[in-house]
Structure formats: structure tokens, C-alpha cells
Amino acid sequence: MAAPRKYPDELRERASRMAVDARQYPATKSGTFRRVGERLGINPETLRNWVGQAEIDEGHRPGTTTSDAERLAELEKEMRESRRANAILRSALVFSRGARPPTALIVKFIDQHKHEFGVEPICRTLTAAGTLIAPSTYYESAQVLCRYFVGAGSRVGAS
């Protein structure tokens, strides 16, 4: 999730317009970002970045547009998720053959891989691949196993 913006979009647009307008005249070109920034309470470097990005978005300057950067970030996120799902599926290859494996075996698999991938992504990937398991089923089964082993441990120590 992206950090909240310090300045509203309207202020960014207004400040960028003011700076671009002031830079058009040779008499006011020098120190434009400092003057406009002081008037509006914006750091001059921040204003310079906004104007530069606006010029890129409008096609006046080469570079990556805002929409391209957003799309690239989306694609990178999809790629990370796909790689994680592929890694989970490679690890869970034993589940893809034949009937659904016992829940205890699936819970053991999740226990072995939860630190690498997380419980919810494993359950989501296994379910999408045809091995239905809900995170709640994993947590319930893990609790039962934990109670069993804790209880067995206290009985063994009592002997």
C-alpha cells in the first residue's frame, strides 16, 4: 500500500501550473521553483520533481510516465505473485496426483512451508490447483495437533 500523500492533487496541479507559467518568461525564469514553493509552502525540490513529471506525462520530456510506472508496478506485483504460486505448486507436486490427500498431510505441508510463503497464499494456491483447503481448516487442525502433543508431553512426563 502506498504512503498517503502529503499534498492534495489540486495543490500539486496548481503549483505545477504556476511554476510552468513563471518559467515561460525570461525575467522570472531564475529561481521559479524557490519563489513558487515559498508562496505555497512547498519544498522547491518537490515542486521541481512535480513539474518534471508533469512534463514527462504531457510528452514534453523523455521518461517514464506516471501511468506507465503504475502499470509497471502492477505487472511486477503480478510477477511476484505468480513466482510465489509456482514455487508453492512445485513444492506441492505430490498433491497433484490422484485423490485429495488427507488433511493431516496438507497441514504438515503447510507447516513446512508457511514461513516461506505464508498460510493464506499456500491455501489459496492449493485451492486454485484443486486441493481444497481453507486457512481456517489449517489453523483448526494445527490447534488440535498442538493440544494432542502438549497433552501427550504432560502424560509422558508424569510417568
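A search of the whole structure finds two aromatic pairs, where rings of Phe, Tyr and Trp (its six-membered ring) pair if their centres lie within 6.5 Å, with planes under 30 degrees apart called stacked, over 60 edge-to-face and the rest tilted. This is a predicted model, in which local features need pLDDT of at least 70 and side-chain atom pairs count only at pLDDT 80 or more, while totals for chains, interfaces and linings use all residues. Residues are numbered from 1 along each chain as its sequence is written, and side-chain values use heavy atoms, with hydrogens and water left out.

Start by selecting Tyr7 and Trp50. Their rings sit edge-to-face, 5.3 Å centre to centre with 80° between the planes. Tyr7 lies in the segment before helix H1 (9–23) and Trp50 in helix H4 (residues 44–57), so this pair ties together parts 43 residues apart in sequence. Helices here are DSSP runs of H or I, at least four residues, numbered from the N terminus. Both Tyr7 and Trp50 are buried (under 20% relative accessible area; exposed is over 50% and partly exposed in between, with a 1.4 Å probe and protein chains only).

Next, select Tyr138 and Tyr139. Their ring centres are 5.2 Å apart and their planes meet at 65°, so this pair is edge-to-face too.

Finally, move to Thr125 in helix H7 (residues 119–128). Is Thr125 buried or exposed? With a relative accessible area of 13%, Thr125 is buried. Leaving aside residues up to four places away in sequence, Thr125 touches Ala85, Ile88 and Leu89 (contact means heavy atoms within 4.5 Å).

Conventions:
Helix = DSSP H or I, 4+ residues; strand = E, 2+ residues; numbered from the N terminus.
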